[in-house]
Amino acid sequence: MSDTPPETPDFDAMTRDIAEVPAVEVIVTVAVNLMSAAAVKLGLTEEGEKHKDLDEARKLVHALAGLLDASATEISSFHAAPLRDGLKSLQLAFREASSVPDEPGQGPGEKYTGPVFG
């Protein structure tokens with residue numbers, strides 16, 4: 001057994017690091033993390049069905065749509081356009097994965113984006 005104490009996070013260093021990151025970068029990073037998590041929950045990864053959970057995917061896609069809607073005026077179209085494209089792809093994948101598809105306009109995030117059609 002070691003006498004070395006377990007590693008503890010250096011919160012001062014983390015605070016300094018995050019202080020140097022522009023808000024746009026934080027927003028984009030969060031959006032990409034939501035996209036990645038949604039893709040996993042939609043079964044779009046190599047392991048596919050193993051992690052598929054449409055209830056969880058719905059929540060993640062909806063949160064991503066809300067974030068993009070709320071931050072649209074804060075991030076440039078350079079950042080927003082590919083994020084919106086990714087969101088639409090996830091919304092379409094959700095519709096395809098659902099055994100009983102939502103009515104147009106009722107799918108995840110469509111409250112913010114409007115109906116998504118293939």
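This is a predicted model: local features need pLDDT of at least 70, side-chain atom pairs count only at pLDDT 80 or more; totals for chains, interfaces and linings use all residues.
The lining is made up of Gln-91, Leu-92, Phe-94, Arg-95, Asp-102, Gly-107, Pro-108, Glu-110 and Val-116, and its largest share, amounting to four residues, is contributed by helix H4, which spans residues 77-97. The volume of the largest cavity is about 40 Å³, and a search of the whole structure for cavities of 30 Å³ or more returns one.

Helix H4 also takes part in a helix-helix contact, in which its partner is helix H2, formed by residues 23-41. Two packed helices are described by the distance between their axes and by the angle between those axes. For H2 and H4, the axes come within 11 Å and cross at roughly 15°; as angles under 35 degrees count as roughly parallel, H2 and H4 are therefore roughly parallel to each other. The crossing of H2 and H4 is left-handed.

On the H2 side, the contact is formed by Val-24, Val-28, Ala-31, Val-32, Met-35, Ala-38 and Ala-39, which meet His-79, Pro-82, Leu-83, Gly-86, Leu-87 and Leu-90 of H4.

Key. Residues are numbered from 1 along each chain as its sequence is written. Side-chain values use heavy atoms; hydrogens and water are left out. On a 1 Å grid over the protein atoms alone, a cavity is a set of points where a 1.4 Å probe fits but cannot get out, and a pocket is an open set with protein on both sides within 12 Å along at least five of seven lines; lining residues have an atom within 4 Å of a point. Grid points are joined across faces, edges and corners, and a volume is the space filled by probe spheres set on the points. Helices (H or I, at least four residues) and strands (E, at least two) are DSSP runs, numbered from the N terminus. Axes are lines fitted to C-alpha atoms, for helices over the stretch in contact, and angles run from 0 to 180 degrees between N-to-C directions. Angles under 35 degrees count as roughly parallel, over 145 as roughly antiparallel, 65 to 115 as roughly perpendicular and the rest as oblique. A crossing is left-handed if the near helix is turned anticlockwise from the far one by less than a right angle, and right-handed if clockwise. Contact means heavy atoms within 4.5 Å.
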